[in-house]
Every structure is written in structure tokens, then in C-alpha cells.
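Let's take a friendly walk through a protein model together. Have a look at the chains first, and then read on.

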Amino acid sequence: MAAVPSRAQFSLARRDSLFGYLFVAPQTIGFLLLVLGPLLAVFVFSTQDRNLLSGTVEQVGLQNYRFMLEDDPFFPTVVRNTVIFSAGLVPMNIILALTLALLLTQPLPGMVIFRALFFAPVITSTVAWAVVWRFMLQGDAGINAFLAVIGIDGPNWLRQPNWAMFSVIFTQVIKNVGLNTLIFMAALQNIPQDFNDAAGVDGANLFQRIRHITLPLLSPTIFLVLLLTLIGSLKVFDLIMLLTGGGPANSTNVLVYYIYFRAFRVFETGYASALAVVLFGAAFVITVGQWMLRRRLAYNER
Amino acid sequence: MNARALTTARAASRQRRFASKQTRAIAVYAVLLVLCVPFVFPFWWMITSSFKSFSEIFAYPPTLLPTTFNLDNYRQVFELQPFVRQYWNSLYIATLVTLGTVFSGSLAGYAFARIRFAGSTLIFLLLLSAIMMPSEVTIIPLFHYIQDLGLANSHLPLVLLPMFAGPGITATFMTRQYFLGLPEELEDAAYLDGLSRWGIFWRIALPLARPVLVAVAILTFLASWNLFLEPLVLITDPNKFTLPLALRGYTDPYGQPLWGEQLAATTMSIIPVLALYVVAQRHVVESFAFSGLKG
């Protein structure tokens, strides 16, 4: 109720400003020093030729970007890999998350246990997850040993270019799909049961109900989750670093990994900064899109 | 149709419906059981393999349980690296990050929700705009500055970075949303009773925000415990390693993983997290739901 402020509220407000600044000071100063400052710096770095080992710094204008687009033999591959990775991960994640959410919201006993199991990888560290999966995806042991028992000769999952990309995507999807499942479950529970009941009376079967009632009602959520998963897919560094190191033959070398590689393996921090600016641009565009969408949806809802 | 026939027809249809419900339940369970294999099996395989001998790890056909319960891998974990030290590093860093983030995040979140001051919306939007930014974007300048300050191989950046980047911003956002949903009357009354803004925050608002603080604490602890890129780039001294780095350290002279040791160390590294999860599953899952649509 902010109709007529009382005198007490007035004086509170005046003395309050000071407290306001004091209260937000730690987060704001920390943000300026550790987030905004480095973000501005990366733009500056991207116009320099820098070497981490020798410590040389030279102004080169837009040369890093020119090299990226015209001369870097790896950049097109990296862009292609990044697109393939995201294009594989996002649909796989969303379809699996939707399926799991539809199953886990069935009114059956024991769903709590299943929910806990599907969510467990989310809280596990990526490094731990990668150690185990690298162990399981070896050429001659792990999953392939089980496959051999039933007479299947499994591929060398992480050492064959086509399989490596698939394995990395699959491992990442299993790791994090629980998060999207959780969001979809919440959205499903918000759909009034009447809709489904009415359709049931009209003789719609389960798949018709999902197709014509659940999915349309869920579509705003699906679209938001899609964009968020897309941004998330640009950030998958740990798993790729640990499972394949970008290999074999650069087949899993995506942008985040390439930034790390150029900066901390080849020590070209100037050029790596230009790559980081590209990553920032991609994440920025998707984030803005997601915000605009979310605002529109919020207006429609209320 | 006579009454008797009607009853039988009804009973038959009820039975059919019951049967179809039952088949559906069985189908749901069957699909879930199959789907959960890649989610659950890795944990099983990691834990059981960590107790296997070197030869059994690669035995064919593979064994689902260790034939002999073998603790050699665990012994090796502590001999090859200062694992206790590394474990302690992760534990104390995550604790500091959690305490710091809960405090400074809720302080800022409270101010953004309750206190009117010039520029508050602008500052809030500025913070929020960085919430989705990949940390790989800023790691290069951060590395430079941290080296220039002589803080390479120091734990200080590993404490401060999560506090003010991603997890800290998330904490600010979550607590702000929560405070906005709390009634203001109690705080007005406290003000009239002569409590300062700080007093209102500390004694009235913060205790009311317990649920969101628990959620923030869980998310922040996990974020710090699992932090990888920053320590990877900043820490080179094995004595200063955190667990994610330590797990990679169990390799032979050719850089190939020592599987038994890696799996034993990994098992030990996820024990506190899994224990927390088993004890407080609802809280843990809710804290992710709390953080809104994320990742």
C-alpha cells in the first residue's frame, strides 16, 4: 500500500538511501571489479597481440578478428562443431526432459524416488561425471565390455570423430536433463486437470491429449527452456576438456574449449580474447531474446 | 436390456478400465526403469569399480560387484597426492564462499527489494545482465590481473569470484524476489519501535527469509565445490588444488588415467554432495526450482 506515505515513512526513506547504497556496495563493487572490469578488458585485449609466456603486448586493431575470419584454419571447424553440439544437445535435452516430466507427473506411487534418481547427476560435479563416463566409454572396457557380452562390437566412443561428438552430447544431456525436467514438471502441475478430464470425456487418447492439450499449453515454457538450454550449451567446457580435449582431430573442439586452448595452451591471449568476444556476443543475443520473450509472456499471463 | 446384463456390462467395463490403468502403470514403470539406467549406472559402476583390483577393472566379462573387496585404490589416493589437504581446500573454500554469498547476496537483495535509492533499478539491471554470461568470457583478463597482483596459486580468487560473479548475482536475484513477496508491515512496525535499517534487516527480515537462504546456500556450495575452470587456470601447486583438479591428477607418467585411483578419489569427492542430497533431497531439488528457469 503506497498511497499516502506517513511521516514516519518519509524520514525512513531519506535516511534509507544511505543504507541502500551501503547494502548493495559489496555486491556492486565486487561486480565492477570481477565481472564488468574484466568484460571491458576482454574487448581491449581482443585488439591486441598478446603472448602469455613472453608477456608482449602490441596494439593490432582489428587484426585478430580478420585472422579469425580469413586465416585461422580452425575457426570454421570450431564454429561448425559448436553449431552441431548445440543443435544436437538442445533437442535431445528437451525431448528427454519433456518425456521424463510427463512420466514423472503420473499419479503413481514411487515417482519421488525416480525423480531423485534422474536429478542426481545435476548435483554431481562435471569433473566427477566426466571421470566416470570416460571410464565407461573406453574402447575395450566399460560399456563396450557389456556390449561384447551380448555380441555387439561397440565403437571407440571417444576416439572416433563421429562417435566422439555424439558421446559428449549424450553425456552432457544425461548430466543436466534433470534440471529441465524439474521446470517442465512444475509447468505440467500448473495445467488444470479439467482440460485433460474434458478431453478424456470427449474420447481423446493419451497421445492426442499430449499432442493437442499439454504441448500447446506448455509451449511458452518449452520455448524459454529451449533458449536457456541453448545458452547453457555454449558454456560446456569442463566435460569436453575432460572427455576428449577437443579431439579426436578437432571433432569436438567447440568455441569455449578453443578459447581455453588458444589462451592457456598456445598462450595467444590476444587472439583468444577476440574469440571470447564472439562467445559473449552469442550469449548476449540469446539472453536478450529470452528476456524480451519472457517479458511478453509475463504480460500475457497477468 | 435387463438389469442383470447391465450390471455385468458395467462390471466388465470397470474391469477393463482397471486393467488398462494397470497396464499403463506397468508401462510407465518399465519406461522409467529403462530410462534411468544411464543416470544411475555410472554411480554404481564408479563405486563398485573403485573397490576392484587393477586386473578386475578390465576383466572380461565385466563384474557388477567386486569379487574381492579391495581397498588398495583408496590407499593409493592418499599416497600419490596430498588428498586430505586438497579435500580440506575444497571444503573450506566452499564454506567461505557460501557464508560470504549468503550474506552479501541477501544484503543486496534486501536493499533492491525494500529500500528506495537513486539508481537502484539501474544497478540491479546491470548486475542481472551478467547472470547468463559464460565465465570463459572474462577468464583471460582475470588471469592477467590475478597474476599481476601476485595471487596466482592463492585461494582468495576462488573465494571472491563465485561470491560476486554467477552465484553471487543469482543469490542477489533470488533473495530480492523473496523479500518482494514478504509483507512489509512487520518491518514498518519495527521501524516505529526504533530499529535501524540494519536492525530491521538483520533481526526481522533475514530470519523470515530462511527458506531462500537455505536454497542460496545449497546452490552456492555446489557451485564452489564443482568449480573447475578458475582453479584449472589459476592453481598449479598440487598442495593448493581443489578436488576437481585433484581428480585429474591420478595419471601414470604418460598422462593416462590410473582408473582405480581416479574412481576412488571421485567416489570420495561426491560423498558429501550425495549425502546432503539423500538427507535433504527436497531442499536440494527445491533450491534449483527456486533459482527459476536456469541452465
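Predicted model: local features only at pLDDT ≥ 70, side-chain atom pairs only at ≥ 80, totals over all residues.

Residues are numbered from 1 along each chain as its sequence is written, and chains are lettered from A in the order in which they are written.

Start where the chains meet: 76 residues of chain B are in contact with 78 residues of chain A (in contact means C-beta atoms, placed from the backbone, within 7 Å). On the chain B side, helix α15 (residues 259–279) gives the largest share, 8 residues. Helices here are DSSP runs of H or I with at least four residues, numbered from the N terminus. The table sorts that side of chain B by class.

| Class (chain B side) | Residues |
|---|---|
| nonpolar (Ala, Val, Leu, Ile, Met, Phe, Trp, Tyr, Cys, Pro) | 60 residues |
| polar (the others, Gly among them) | 12 residues |

Now turn to chain A. Helix α7 (residues 161–189) and helix α9 (residues 206–234) of chain A pack at an angle of about 165°, which makes α7(A) roughly antiparallel to α9(A) (angles over 145 degrees count as such). Among the residues making this contact are Phe184(A) of α7(A) and Leu218(A) of α9(A).

Finally, the largest nonpolar core has 158 residues. Such a core is a set of buried Ala, Val, Leu, Ile, Met, Phe, Trp, Tyr and Cys residues joined through C-beta atoms within 7 Å, and buried means 20 or more other C-beta atoms within 10 Å of a residue's own. Helix α7(A) gives the most to this core, with 12 residues.

Technical notes. Contact = placed C-beta atoms within 7 Å. Helix = DSSP H or I, 4+ residues; strand = E, 2+ residues; numbered from the N terminus. Axes fitted to C-alpha atoms, helices over the stretch in contact; angles between N-to-C directions. Parallel < 35°, antiparallel > 145°, perpendicular 65-115°, else oblique. Buried ≥ 20, exposed ≤ 12 C-beta atoms within 10 Å, placed from the backbone.
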